[in-house]
Amino acid sequence: MLRISILTLFVIGFLSTESYGGSGDVTGDGFVTNADVALLSDYLLGKVQFTPAQLTAANANSDTSIDIADVAKIINNLQATISIDVTPDSGSWTLTGPTGFTAVTGTGDRKGSSKIATRIAGTYTLHCNIVTGYAPPFDLVQDVVLGNATTFNAIYTRLDSNTVMIALPGNVPMLLIKCPAGSFQMGSPDTERSRGSDEGPAHTVNFSQPFFIGKYEVTQEQWRAVMGTNPAQYHGVGNRYPVYYVSWNDIAGAGGFIEKLNAHISKTGQGGPVRLPSEAEWEYACRAGTTTRFFFGDSLSTLDDTHIDGPTDSTAYPGRRSDYMWFACSPGDSKPVGTTPRGGNAWGLFDMSGNIAEWCQDTYHPNYIGAPTDGSPWDTIGNIKIMRGGGWAFGASKCRSANRNNSVFDANARYYVLGFRLARSN
Ligand SMILES: [Ca+2]
Ligand SMILES: [Ca+2]
Ligand SMILES: [Ca+2]
């Protein structure tokens, strides 16, 4: 009986063309994967019985028997399957892969029988497009292995009332977060460990209006979208990495990033102009209501001036400092923005401390005597510009909320640990 069935099905198999989801698809899901190999192996071991349709599919080499040669044939024909699960379903995307894979675009899910099959193993990237009212996820990158199933879970974030999204040229998104009106103590108390004298006197700054500041450091993808180039190299390169090797003048000077982006914002009716944050805005945003050395606590229990990581003191923020900021080569080079293990600060801002240091609008003053108290930039003397937040190459003490630069960077300097984020008044 079995023999007859196989012979009958042999004819059918011979007539059909060998294609994905045909010969070798023992599970009947339309794809040739490791699950088919496993099921066929179980059949050969006598563990399962097959239906006529499964017998047809299992006879992968279309001869007169089902044996180990079919297993070999199926392995040779293995596909990888790629499922795409997008939330919400209005999300649209492009899937790209290694050389030889033709990019696939779509809207909504590709799951179940509509999942994507490929016989090209390697690294695949899912890029999600802007959807009204939502911030797309960063590009999702995964290795795809023949025989296996891979799922890209693309989850958009609904924009809340505190978040603004600007579409850069090419529809590259940039997110800004609203910082509330209010007051804070700028600078550090004399008792703060590892402080510099330029962090005092601590003084009250009052913001009568809310303002916006970048959720993330400006990325290389964003820089390229506006300027057409990517100056960053050697110290973390990729769309999601922060841009560096950009001078203050490259950003805020004539013909720079801000001037070009504001022309685009104006032309596309996307609200008011962007600018660099003032130093006061930067520290207010970094602290996000905290008065401790770092936005995650005081971290007093290990030496900050060495490259030693250690526990924080605060029970409210348990963990290591490297859970909150990329500092002290932990390990080396910049990191993709927004990837610190414990997320951002209380206002949802990422990498304010660490990753790359950030240019501000102000020039450097050796102390805060005479500093403005309304949050406006202070650029009355010199050509040395402020950088804030420390970076991946610095010890933890340089990443404190109140820490200021070492008064060395003029407006034309480019540095491998120095980038920026943007601000906007309204
Ligand atoms: Ca299958
Ligand atoms: Ca066979
Ligand atoms: Ca930073």
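**Reading cores and sheets**

Mentor: Start with Ala285. Beyond its neighbours within four places in sequence, Ala285 is in contact (C-beta atoms, placed from the backbone, within 7 Å) with Cys179, Ile213, Trp347, Leu349 and Met352. This is a predicted model: local features need pLDDT of at least 70, side-chain atom pairs count only at pLDDT 80 or more, and totals for chains, interfaces and linings use all residues. Residues are numbered from 1 along each chain as its sequence is written, with chains lettered from A and ligands numbered from 1 in the order in which they are written.

Trainee: Which residues touch the most other members in the largest nonpolar core?

Mentor: A nonpolar core is a set of buried Ala, Val, Leu, Ile, Met, Phe, Trp, Tyr and Cys residues joined through C-beta atoms within 7 Å. Buried means 20 or more other C-beta atoms within 10 Å of the residue's own, placed from the backbone. Here the core has 66 residues, and Ile213, Ile251, Ala285, Trp359 and Leu418 touch the most other members. Helix α8 (residues 279-287; helices are DSSP runs of H or I, at least four residues) gives the largest share, 5 residues. Another core, of 13 residues, lies apart and includes Val86 and Trp93.

Trainee: In what order do the 4 strands of the open sheet stand?

Mentor: Strands are DSSP runs of E, at least two residues, numbered from the N terminus. Two pair if DSSP finds at least two bridges between them. The order is β3-β2-β5-β7, with antiparallel pairing. β3 (104-107) and β7 (140-144) each have a single partner strand, so one side of each lacks a neighbour in the sheet. Trp93 stands opposite Gly106 in β3.

Trainee: How many residues lie between β10 and β11 in their hairpin?

Mentor: There are 3, and Gly170 in the turn has a positive phi of about 80 degrees. The two strands pair antiparallel over 6 bridges.

Definitions and conventions: A residue is buried if 20 or more other C-beta atoms lie within 10 Å of its own, exposed if 12 or fewer, and partly exposed in between; C-beta atoms are placed from the backbone. Two residues are in contact if their C-beta atoms, placed from the backbone, lie within 7 Å.
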